[in-house]
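Opening the notebook on a new model today. I'll jot down what I look up as I go.

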Amino acid sequence: MTPFRSSLVTHCPLLSEGIFTVDCKKEKNLDICGCTYEPCARKGICCDCVFHHLQKRQLPGCFFPKDAEKTYDRSFEHFADLVGKKRV
Ligand code: SF4
């Protein structure tokens, strides 16, 4: 279990008691993933991707337009700049 899923299960009684389950849609997610950073082990595991980037004050690559995503600058500041320019 990934760190994020483990944290979810620990803090959510519905998950910890087995009332709900979280099935990973990795294969489906990979079909639509807009991230071009191929070596990343988080590709398709969106919950881990979001958790990883939020800890660094960043957003996942799929939040950015294609040309901006390719810079790998995933910072809030870069995203805010693009919002200010109405690019997202
Ligand atoms: S956005 Fe970041 S964590 Fe998500 S797949 Fe791309 S490099 Fe990995």
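This is a predicted model: local features need pLDDT of at least 70, side-chain atom pairs count only at pLDDT 80 or more; totals for chains, interfaces and linings use all residues.

**Contacts and overall fold**

I started with contacts, counting two residues as in contact if their C-beta atoms, placed from the backbone, lie within 7 Å. Among contacts in the protein chain between residues at least 6 apart in sequence, 28% join residues at least 24 apart. My numbering runs from 1 along each chain as its sequence is written.

Next I looked at secondary structure. I find six helices and zero strands in the protein chain, and reading along the sequence gives me α-α-α-α-α-α. Helices here are DSSP runs (H or I, at least four residues), strands are runs of E of at least two, and both are numbered from the N terminus.

Then burial. I call a residue buried if 20 or more other C-beta atoms lie within 10 Å of its own, exposed if 12 or fewer, and partly exposed in between, with C-beta atoms placed from the backbone. Of the 88 residues in the protein chain, buried ones make up 7%.

**Around the ligand**

Which residues surround the ligand? I get Cys 35, Tyr 37, Cys 40, Arg 42, Lys 43, Cys 49, His 52, His 53, Pro 60 and Gly 61.

**Positive phi**

I checked the backbone of Arg 57 and got a positive phi of about 55 degrees, although this residue is not a glycine. Arg 57 sits in the loop between helix H4 (46-55) and helix H5 (66-69). It counts as exposed because it has 10 C-beta neighbours inside 10 Å.

Tyr 72, also not a glycine, has a positive phi of about 65 degrees. I place Tyr 72 in the loop between H5 and helix H6 (76-84). Why is Tyr 72 partly exposed? Because I count 13 C-beta neighbours inside 10 Å for Tyr 72.

**Gln 58 and Phe 76**

I found Gln 58 in the loop between H4 and H5. It has 19 other C-beta atoms within 10 Å, so Gln 58 is partly exposed. Leaving out residues up to four places away in sequence, Gln 58 touches His 53, Arg 74, Ser 75 and Phe 76. I also noted His 78, which is 20 residues from Gln 58 in sequence and 8.9 Å away in space, C-alpha to C-alpha.

Turning to Phe 76, I see this residue in helix H6. With 13 other C-beta atoms within 10 Å, Phe 76 is partly exposed.

**Two more pairs**

I looked up Cys 46 in helix H4. Cys 46 is partly exposed, because 18 other C-beta atoms lie within 10 Å. From Cys 46 to Lys 25 I get 21 residues in sequence and 8.8 Å in space, C-alpha to C-alpha.

Last entry: Val 83, in helix H6. Val 83 has 10 C-beta neighbours inside 10 Å and so counts as exposed. Val 83 and Phe 64 are 9.9 Å apart in space, C-alpha to C-alpha, and 19 residues apart in sequence.

Definitions and conventions:
A residue is near a molecule or strand if its C-beta atom, placed from the backbone, lies within 6 Å of it.
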